[in-house]
Amino acid sequence: EKQNFKMKLLELEKANPIIYGELKTPGAKRTLCFYVHYDGQPVNESKWAHEPFKPILYDGPIDAGGKPIRIPKNNNDIDPEWRLYARSAGDDKAPILTILNAIDALKSSKIGITSNTKIFFEGEEESGSPSLVPFMRENAKELTADVAMICDTGLFGDDTPGIVSRLRGLLGEELTITGPSKDLHSGMYGGPAMNPARVLAKIIAALHDDQGRITVPGFYDGVPELPPEIAAQWEGLNFDQDGFLGQV
């Protein structure tokens, strides 16, 4: 509301509310909608160096030896290498502050706000967003936009801002393997009778080829090939696969 957004809660029974806001711009020819989720993963306090819901500023990443420091009163004194640690600070509360600061920055610049802007903050993402589709169906008019942006992805690097145009999807399936109705002696049946665990292992192993491409018939139907210009941008990032995998 301080940013002049017209705010309201979108509510459904037994669901965390969605925080919705709209900032209209006279003469705007497009509408942007920004999605962020405000919920976070459950907390295991034993794995935290401090109280998880109390934001603590560090002079660098903890895993690189960062130490707690005081939060400065002057924003001009902030070092970009500092890190703010708190439960869900990055996933996914940071984008909320990013959006609000971007609105402030544009208002104070010569560019100004040129689009109608909607914000759509959800509270059930970490549990699979069970209420998201009902919310969207019930509030389709409010959520209609020309461009929808999901502010919940990682950066290639701390100093490499970017807009991600594609994300991998998820497919969930349930498979039932039916085996013998009773225990079988391995000496007698170990060869001719298929062990359900062996069948399942064979199925899982066959889901990808040696290059990691999914082998399920029809899986890629309707999926366009990556445009050359996007592929060139990816190549230009100079991705260090060994360094990436070395973090895990």
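## The whole chain

How much accessible surface does the protein chain have, and what share of it belongs to carbon and sulfur atoms? The accessible surface comes to about 19,200 Å², and 55% of it belongs to carbon and sulfur atoms. Areas like this come from the Shrake-Rupley method with a 1.4 Å probe; for residues, only the protein chains shown count as cover. Please keep in mind that this is a predicted model, where local features need pLDDT of at least 70, side-chain atom pairs count only at pLDDT 80 or more, and totals for chains, interfaces and linings use all residues. Residues are numbered from 1 along each chain as its sequence is written, and side-chain values use heavy atoms, with hydrogens and water left out.

Let's look at the overall build. The protein chain has 7 helices and 8 strands; these are DSSP runs numbered from the N terminus, with helices being H or I of at least four residues and strands E of at least two. With a radius of gyration of 24 Å, well over the 18 Å that the globule rule gives for 248 residues, the protein chain is more spread out than a compact globule. (The radius is taken over C-alpha atoms, and the rule is 2.2 Å times the number of residues to the power 0.38.) Along the principal axes, the C-alpha atoms fill a box of roughly 80 × 50 × 45 Å.

Of the 248 residues, 22% are buried. Buried means under 20% relative accessible area, exposed means over 50%, and partly exposed lies in between (1.4 Å probe, protein chains only). Among contacts with a separation of 6 or more, 64% are between residues 24 or more positions apart; a contact means heavy atoms within 4.5 Å.

Helix α1 covers residues 89-107. At 1.5 Å a residue, its 19 residues should span 27 Å, and the end C-alpha atoms are 25 Å apart, which agrees. The expected span is 1.5 Å times one less than the number of residues. Asp92, Pro95, Ile96, Ile99 and Ile103 are buried in this helix, and the buried residues of α1 pack against β2 (18-23), β3 (31-37) and β7 (116-122).

Serine 88 sits in the loop between β6 (83-85) and α1. Its phi is near 65°, a positive value in a residue other than glycine, and serine 88 counts as buried at 5% relative accessibility.

## An open sheet

Three strands form an open sheet in the order β5-β4-β6, with antiparallel pairing. Because β5 (68-69) and β6 stand at the edges with a single partner strand each, one side of each is left without a neighbour in the sheet. Strands pair if DSSP finds at least two bridges between them; β4 (residues 56-58) and β6 have 3 bridges. Here isoleucine 56 stands opposite tyrosine 85 in β6.

## Two loop residues

Is lysine 14 buried or exposed? Lysine 14 is exposed, with a relative accessible area of 81%. This residue lies in the loop between β1 (6-10) and β2, and has a positive phi of about 60° although it is not a glycine.

Methionine 194 is in the loop between α4 (186-189) and α5 (196-205). At 39% relative accessibility, methionine 194 counts as partly exposed. Leaving aside residues up to four places away in sequence, methionine 194 touches Pro180 and Val199.
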